[in-house]
Structure formats: C-alpha cells, structure tokens
Amino acid sequence: MAHLRSRRRHALALPVGLALIASLGFLPAGSASAAPVDDIPAAVSTDGPKLSYVVNTNGGHSTVKSVKKAITKAGGTVVIAYDQIGVIVVHSQNPEFGQTIRKVRGVASAGATRTKPLTAQTTTDIEAEQPLSAKEAKAATAKASDEQDALEPLQWDLPAIKADKAHKKSLGSSKVTVGVIDTGVDDTHPDLAPNFDRRASVSCVGGTPNTADGAWRPGPGESDHGTHVAGTIAAAKNGTGVTGVAPGVKVSGIKVSQPDGFFYTEAVVCGFVWAAEHGVDVTNNSYYTDPWLFNCEDDPDQKALADAVTRATRYAEGKGIVNVAAAGNSDMDLAADELTDGSSPNDTTPGDRVIDPDECLDIPSQVSGVVTVSATGAKNLKASYSNYGNGVIDVAAPGGDLTVYQTPEAPAVNGLILSTLPGGGFGYKGGTSMASPHAAGVAALIKSTHPYASPWLVKTLLNVQADATSCTNPYDIDGDGTVDAVCEGSKYKNGFYGVGVVDALDAVRR
C-alpha cells in the first residue's frame with residue numbers, strides 16, 4: 001500500500017476518488033523559594049530571533065512572582081501568566097534564554113514553543129476537502145425521510161454509531177457545551193448558529209484570550225477544519241443541511257491555530273484554561289501541538305511543552321471537562337518499540353529521528369486522561385491512515401477512508417465524512433480529525449443523559465457502552481497482498497479499536 005503523507009492537523013486530504021508525561025506535581029505549596037535573580041548575568045543578548053517560550057513553575061503565587069522577575073532580567077517579556085497552573089508565556093530575543101531560565105530556582109521546565117521566529121510561515125496542511133456537489137445534494141434531499149435533515153442520507157457515519165436511532169430518544173441537552181479547540185468555527189453557518197455558545201468562544205492565537213466578536217472564526221483564507229469538526233459534533237437537526245452526532249448540545253469555537261495553520265503550545269494551553277473557566281463540558285482536539293510530532297522527555301524544550309499542555313489538560317479535567325483527541329494519520333503503531341519521525345520540527349527543516357513512543361509522546365492525544373480516538377471507515381475497519389496501538393487507543397469512531405477502500409452503502413456515495421464548511425457550505429473530509437468529534441459528540445450525549453457525571457464517569461460510560469470490535473487480521477486495506485498493519489489484543493481491547501466503536505444509542509439510554 002502506498003502510504004499517505006504524514007498528518008498535519010490530524011486531518012487527511014484524500015484525493016478525489018481518497019505518562020510524558022512525567023507525573024506533574026501540581027503546584028505544591030511552598031515547594032520552592034524565590035528565584036535567585038542575582039545569578040543571572042547583568043547583561044544579556046537581545047539580538048537573536050524572537051521566539052516564544054513556556055516557563056513552568058513549581059510552588060505557589062510567590063514563586064510565580066519571583067520567576068517573572070527572573071524572566072525580565074534574562075531578557076524575556078511576559079506575555080501572559082496562567083498562575084492557576086504555573087505556566088508563563090514569554091517572548092525573548094536572548095538566544096540563551098531557555099538555558100538561563102531553566103537554572104532559576106522555582107522553574108520546573110522551560111522551552112521554546114517553536115523553532116522559527118515569530119513571523120508568518122507557509123502551512124503544510126493536507127486537509128483540502130471535497131466539496132459537496134449540487135447533484136449529490138439534490139439526490140440526497142430527494143431521498144431524505146421526514147425524520148432526516150436534507151443531507152443526512154449521505155452521512156453513513158451516523159448509523160455507524162447508531163446516532164440516527166439515538167436522535168429518536170434524545171438530541172442532547174442545550175446545557176452541555178463542547179469546545180472545539182481548533183482553527184476557528186464559523187458560527188454564522190445555518191447549521192451551527194442555533195447551537196453556538198458565544199460566551200464560551202474565544203481566540204487564543206498567540207496564547208492570550210481575545211473575546212472580540214467573531215475572533216473565534218477562521219479568517220479569509222484560513223483553514224475550514226474547525227467548522228467541519230463543529231458540524232460533526234452539533235450541526236442542528238433543523239430539516240436542512242447535515243445532522244450532528246449531538247444536534248441538541250451547544251458548541252463553542254476556541255481558536256488556537258496561527259493564520260498559517262500551526263498549533264503552538266501557548267495557544268493550546270490558553271484554549272484548555274479558557275474552556276475550564278467558561279463552562280465547557282467536553283473538548284475536541286483534532287490536532288497535534290506543533291512543531292514536534294512527538295515530544296521527548298529528554299529534550300528540555302520538548303519536555304517543557306509537554307509539561308505545559310499536561311498541566312492545562314489536567315486543570316480542565318479538574319474543572320469537569322472530558323478531553324477527547326485524535327490519534328493521528330500516519331498509520332503508525334504508537335505501541336511499537338521505536339518509530340521514525342521524519343516530520344519534526346515542522347516549522348523549519350524537519351529531519352528523521354528514531355524515537356521511543358514511551359518517552360516521546362504526541363500531545364495532547366497521548367496525555368494521561370485524554371481520550372484517544374482512532375478512525376474507522378464505512379466498512380467499520382480501521383481507516384488506512386489511522387494511527388493505532390494496543391494500550392494507546394481508547395475508542396474508535398468514523399473518520400472516513402478512501403471510497404475505493406471502504407465504500408458506504410447507498411444512498412451514501414462518498415467514504416469520507418460530510419459536514420459543515422465556512423460560508424454556509426458542506427464538504428467531505430477524512431482523518432482521525434473527523435473521528436474524534438464523533439467520540440466527543442457521544443461524550444456530550446452521555447453528559448446530557450447524566451448531567452452530574454464526573455469526567456471519570458463519562459469516560460467510563462463511553463468505554464463501557466462502546467461496541468467491542470475484534471482485531472482485523474490480516475489487515476490488507478488496499479488488497480495488494482501485503483499486510484498494512486498488525487492489530488494486537490483481544491476483541492474487548494486492541495490496538496485498532498481500543499475497547500470498541502463509540503455507541504450513541506447507549507449514550508442516551510438511562
């Protein structure tokens with residue numbers, strides 16, 4: 001099988017026809033004294049490239065305060081400090097800033113969030129959609145039943161998780177909000193406007209919350225990825241367009257990607273903290289945190305990025321949020337002894353490196369406590385591109401695949417996932433990016449059914465209710481006689497499907 005390009009944003013453009021988490025001592029009181037700012041050289045260089053950093057502190061507010069002073073003395077400028085999790089976002093042109101600040105008392109870890117200066121970059125996204133044709137739309141509308149939205153006959157993914165049956169019992173509660181941490185959401189779309197939660201929406205680009213009206217929307221020429229994800233979760237059941245997995249819940253847009261499509265740590269941290277403090281119940285995360293596909297604990301920069309995101313996800317879960325994330329589109333066995341990463345750092349010049357998946361993790365999908373979702377196609381088989389790994393994948397959900405590999409039953413005509421696009425449009429996309437929002441939608445239905453359930457209980461029900469799916473062996477998705485991946489584990493827990501494919505119908509049964 002010819003391997004598809006490695007993922008970018010956990011989304012896959014299929015051609016038309018296709019713990020690092022070292023345990024976090026969560027701000028132990030009094031664990032550090034004031035930073036020895038006198039140990040920092042009086043004169044520091046400020047003529048290097050301007051980079052962004054995260055500085056993670058130990059101790060309480062007094063430690064954060066003293067570390068801020070040390071940051072200034074080391075040639076850094078504090079952009080924002082998330083004191084509640086001990087993460088400080090910093091800009092600096094001191095080439096030695098990272099090395100200097102890591103020596104300061106009270107600093108747990110610190111690192112640059114990118115390898116290229118704070119300037120515009122060219123995206124390497126591979127997520128171009130297949131627009132819905134007028135002919136397909138007309139044919140679908142003619143076949144839609146009185147209970148279906150106009151384009152629902154094309155959504156093979158809904159019956160695949162029994163969402164169509166679930167909707168006869170419940171559409172989900174408007175008191176539940178799913179935060180789409182992504183490229184932005186076009187809340188003016190007719191299928192999204194009825195369910196949009198403006199109060200819980202924001203732009204976190206750059207690491208600071210921007211609440212200006214519409215800041216959460218993708219700008220002209222920016223990615224439509226987040227809008228597609230939002231429709232899969234909560235497109236309204238209003239007689240027109242598509243239907244979401246949980247069409248009665250609210251959805252918010254939490255924009256964290258740069259205009260060029262990169263998801264940097266400071267923005268991701270901002271997104272989780274914002275969600276935690278604005279009533280979000282579930283977050284969907286269909287991306288990996290740039291510029292490293294895997295963040296290795298033995299690299300001080302990468303460790304700092306993983307530490308910061310871990311703190312943010314744990315803070316969110318502590319506030320009652322279930323965090324759901326895409327497993328990735330590189331057809332990698334994340335439980336292998338070693339992997340070759342040829343795409344990092346993706347914002348400058350990537351190079352091959354051999355990594356240990358136990359020590360170098362994809363964030364946020366492999367952060368402890370985050371639900372990791374693999375993708376299936378229309379034949380309920382692992383999608384050709386989906387990452388996998390026994391003990392890594394929690395659940396599976398429809399993400400779509402090449403139609404020639406997994407052809408849906410009529411009246412559906414395309415093996416990808418149909419959802420909303422900015423400007424009132426609709427289109428197909430494929431990827432674990434599309435699988436994750438199916439799982440997030442089911443989690444939202446569970447939260448709707450059990451409004452007082454803790455994140456632990458929601459995740460437990462998500463697992464218990466999933467439809468156990470046996471390993472697919474031999475797995476020769478393109479039929480060329482060569483095994484494309486090996487599934488390990490039992491019917492009830494394995495590397496392809498985790499504990500099984502998510503079940504929307506069970507989610508609405510009390």
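Predicted model: local features only at pLDDT ≥ 70, side-chain atom pairs only at ≥ 80, totals over all residues.

A: Of the 510 residues of the chain, 60% count as buried. The chain is built with 11 helices and 20 strands, and the structure holds three disulfides.

Numbered in sequence order, the bonded cysteines pair as 1-2, 3-4, 5-6.

C204 is bonded to C270, with the sulfur atoms 2.1 Å apart. This pair connects distant parts of the chain, 66 residues apart: C204 sits in the loop between β7 (202–203) and α6 (225–234), and C270 in helix α7 (residues 265–276). Both C204 and C270 are buried. The link is left-handed, with -65° about the S-S bond.

C296 and C360 form another disulfide, again with their sulfur atoms 2.1 Å apart. Here, too, distant parts of the chain are linked: C296 belongs to strand β10 (residues 295–296) and C360 to strand β14 (residues 360–361), 64 residues apart. C296 and C360 are both buried. The torsion about their S-S bond is about 110°, so this disulfide is right-handed.

The remaining disulfide joins C471 to C487, S to S 2.2 Å. Both C471 and C487 lie in the loop between α10 (455–465) and β19 (489–490), so the pair ties together parts that are 16 residues apart in sequence. The torsion about the S-S bond of C471 and C487 is about -65°, which means a left-handed disulfide. C471 is partly exposed, because its relative accessible area is 24%, whereas C487 counts as buried at 5%; the cut-off for buried is under 20%.

Terms used
Residues numbered from 1 in each chain as written. Heavy atoms only, no water. Helix = DSSP H or I, 4+ residues; strand = E, 2+ residues; numbered from the N terminus. Buried < 20%, exposed > 50% of the residue type's maximum accessible area, 1.4 Å probe, protein only. Disulfide = S-S within 2.5 Å.
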